[in-house]
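These are my notebook entries on one protein chain, written while I went through the model element by element. I wanted to record what I looked up and what came back.

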Amino acid sequence: YNGELTSDVAQPVLQIINITQLKDRIRVLLSDGEFYLASMVTTAMNHYFDENIIQTYSIIRLTDYTLTQSLNSNRKVIILTNAEPLGAVQDKIGNPQSIEQLAQQQQQQQQ
């Protein structure tokens, strides 16, 4: 992490560390083992979750995604359009911290 959230990596491999079912959407926390960031899953991917192909602690390769600004706040969020399930492990990898909190702390230090 270099202090700026970007989508420079073409197809990152990440772990899902949390899944939250909202009214008609699915929100997941994606982690690289060091940091995590919220992601909204498009409805085209719902079948992965409905069929338990992707579940908590699954490892996925993001094949189509967009990094965007949240409408409700000044936070970055990944819109996950497509992913390739690679498998699952029994627990969270590493001890990831919120990348948003880190970015906020760095901004405060620079002021």
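**Entry 1: ground rules**

I first noted that this is a predicted model, in which local features need pLDDT of at least 70 and side-chain atom pairs count only at pLDDT 80 or more, while totals for chains, interfaces and linings use all residues. Residues are numbered from 1 along each chain as its sequence is written, and side-chain values use heavy atoms, with hydrogens and water left out.

**Entry 2: confidence and overall make-up**

I looked up the pLDDT (the predictor's confidence in each residue, from 0 to 100) and found a mean of 86 for the protein chain, with 84% of its residues at 70 or more. Over residues 1-5 the pLDDT is below 50, and this stretch has eleven contacts in the model beyond near neighbours in sequence, where contact means heavy atoms within 4.5 Å.

I then listed the elements, taking helices (H or I, at least four residues) and strands (E, at least two) as DSSP runs numbered from the N terminus. The protein chain has two helices and six strands, and from the N terminus on they run β-β-β-α-β-β-β-α.

Of the 111 residues of the protein chain, 34% count as buried; buried means under 20% relative accessible area, exposed over 50%, and partly exposed in between, with a 1.4 Å probe and protein chains only. The accessible surface of the protein chain comes to about 7100 Å², and 42% of this belongs to carbon and sulfur atoms; the areas come from the Shrake-Rupley method with a 1.4 Å probe, and for residues only the protein chains shown count as cover. Among contacts in the protein chain with a separation of 6 or more, 59% are between residues 24 or more positions apart.

**Entry 3: strand pairing**

Which strands pair with E3? I counted two strands as paired if DSSP finds at least two bridges between them. E3 pairs with E2 (residues 26-31) in the antiparallel sense over six bridges, and here Leu29 stands opposite Ala38. The hairpin of E2 and E3 has three residues between the strands, and in it Gly33 takes a positive phi near 95°.

E3 also runs parallel to E5 (residues 76-88), with three bridges, where Met40 has Ile79 as its bridge partner. Two bridges join E3 to E6 (residues 97-98), again parallel, and Tyr36 stands opposite Ser98 in that pairing. Strand E3 (residues 35-41) has six of its seven residues buried, so it is largely enclosed by the rest of the structure.

I checked E1 next. E1 and E2 form a hairpin with four residues between them, and six antiparallel bridges join the two strands, with Asn18 opposite Leu29. E1 is also joined to E4 by three antiparallel bridges, and Gln15 stands opposite Ile59 in E4.

**Entry 4: nonpolar cores**

For a nonpolar core I took a set of buried Ala, Val, Leu, Ile, Met, Phe, Trp, Tyr and Cys residues joined through side-chain atoms within 4.5 Å. The largest one has 19 residues, of which Leu30, Met45, Phe49, Ile60, Leu62 and Leu80 touch the most other members. At least two residues of this core come from each of E1 (13-21), E2, E3, H1 (46-50), E4 (58-69) and E5. A second, separate core of five residues includes Ile17, Leu29, Ala38 and Val77.

Leaving aside neighbours within four places in sequence, I found Phe49 in contact with Ile16, Ile19, Ile26, Val28, Val41 and Ile54.

**Entry 5: Leu30 and Ser31**

Is Leu30 buried or exposed? Leu30, in strand E2, is buried, with a relative accessible area of 3%. Not counting residues up to four places away in sequence, Leu30 touches residues including Leu14, Phe35, Leu37, Ile60, Leu62 and Ile78. The C-alpha atoms of Leu30 and Ser58, 28 residues apart along the chain, are separated by 9.9 Å.

Ser31 is likewise placed in strand E2 and is buried at a relative accessible area of 2%. Its side chain reaches the backbone oxygen of Phe35 at 3.4 Å. Leaving aside neighbours within four places in sequence, Ser31 is in contact with Leu14, Gln15, Ile17, Tyr36, Ile93 and Pro96.

Terms used
A polar contact is a pair of N or O atoms within 3.5 Å; within protein, one must be able to donate a hydrogen and the other to accept it, and residues adjacent in sequence count only if both atoms are side-chain atoms.
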